[in-house]
Amino acid sequence: MYQKSTTAERADALDAITEFCRTFYQEEELIMAAFQVYCDESGELHDKKCVSFAAAIFPQDEVAVFNRKWKSLLGKVRCVSMKEAMHYEGEFKDWKGQEHDRDGLLESLAILAQERVMYHTNSTLDAATFASFDPRLQGRLKGISYAGFEALVKNIAQGAERNMPDAHFHLVYDLSETYSVECLKLFTRLRMMHSLYRSRFTALSFADDCDYPPLQAADMLAYASRHALLDTNKPIIRRLIEVFKIGRPEFATELAYAADSELGDGIIALPRS
């Protein structure tokens, strides 16, 4: 049974990440430390119980190495989408009856991601809670996907302010005709609202996940995070949850909104224990 971490556990995890960052980048290197943040989501408001948002954060100079290793594991598979893999669609349409091979590939990819990523964060939002908001507030927030994007941006910025004072982040979001324009507007609004975001997030780009392995890793993380809350019994999903150590998320967050809020006005709140 999936259980949210306690405040103490989240604090311990944050301390561990802080120490890792200080070790990974010596003080003189941290001045120029640049990170790429790959973001994706799993689930939709209209037909899902919850939606998970995930970000995989890589040191900029790690991405090329990660890409080569990921593509080597894929072999003849062009790219991985968890939805396609679990339903034998797309790149996995000919894998029916090869569940063992599919699961082995997914596990190997998850292990690589967990080993090479600097850290990852996820936030799983209850769709019913969002749906209970006043319709006017829902309209101003655009949709649960945009609230999740806001949560990720604010979460990373506030964590960096405490632990990586000179770090800069380049956000890379899954290319989607539905979300891209609104995410760009939100990104611009957040940067205009507060100097913290202007100083931390120096770039936002959108990319086809098939061409960017870190986005595929973020998709895996988001999918596993959502199914951790749904308590999925499929062995491969439970294994991914174990590999990613979901249940002890580093920076899992929720957003609180006032009745007159607009997108960009969310306030970070610790998840309910």
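How exposed is Asp211 in terms of relative accessibility? Asp211 has a relative accessibility of 42% and counts as partly exposed; buried means under 20% relative accessible area, exposed over 50%, and partly exposed in between, with a 1.4 Å probe and protein chains only.

## Basis

This is a predicted model, in which local features need pLDDT of at least 70 and side-chain atom pairs count only at pLDDT 80 or more, while totals for chains, interfaces and linings use all residues. Residues are numbered from 1 along each chain as its sequence is written, and side-chain values use heavy atoms, with hydrogens and water left out.

## Overall fold

The chain has twelve helices and seven strands. Helices (H or I, at least four residues) and strands (E, at least two) are DSSP runs, numbered from the N terminus.

Of the 273 residues, 53% are buried. Among contacts with a separation of 6 or more, 74% are between residues 24 or more positions apart; a contact means heavy atoms within 4.5 Å. The accessible surface of the chain is about 13200 Å², and carbon and sulfur atoms make up 51% of that area, by the Shrake-Rupley method with a 1.4 Å probe.

## Disulfide

The whole structure contains one disulfide, defined as a pair of cysteine sulfur atoms within 2.5 Å. The partners are Cys79 and Cys210, with sulfur atoms 2.0 Å apart. Cys79 sits in the loop between α3 and α4 and Cys210 in the loop between β5 and α11, so the pair ties together parts that are 131 residues apart in sequence.

Cys79 is buried at a relative accessible area of 7%, and Cys210 is buried at 16%. Cys39 also counts as buried, with 1% relative accessibility.

## Salt bridges

There are six salt bridges, each a side-chain nitrogen of Lys or Arg within 4 Å of a carboxyl oxygen of Asp or Glu. In one of them, Arg78 pairs with Asp211, and the closest N and O atoms are 3.4 Å apart. Arg78 belongs to the loop between α3 (63-74) and α4 (82-87) and Asp211 to the loop between β5 (201-207) and α11 (213-230), so this pair ties together parts that are 133 residues apart in sequence. Arg78 is partly exposed at 48%, as is Asp211 at 42%.

Asp103 and Arg102 form a salt bridge with an N to O distance of 2.8 Å, and both residues are buried. Asp134 and Arg136 form another, at 3.1 Å between the closest N and O atoms. Here Asp134 is partly exposed, at 35%, whereas Arg136 is exposed, at 62%.
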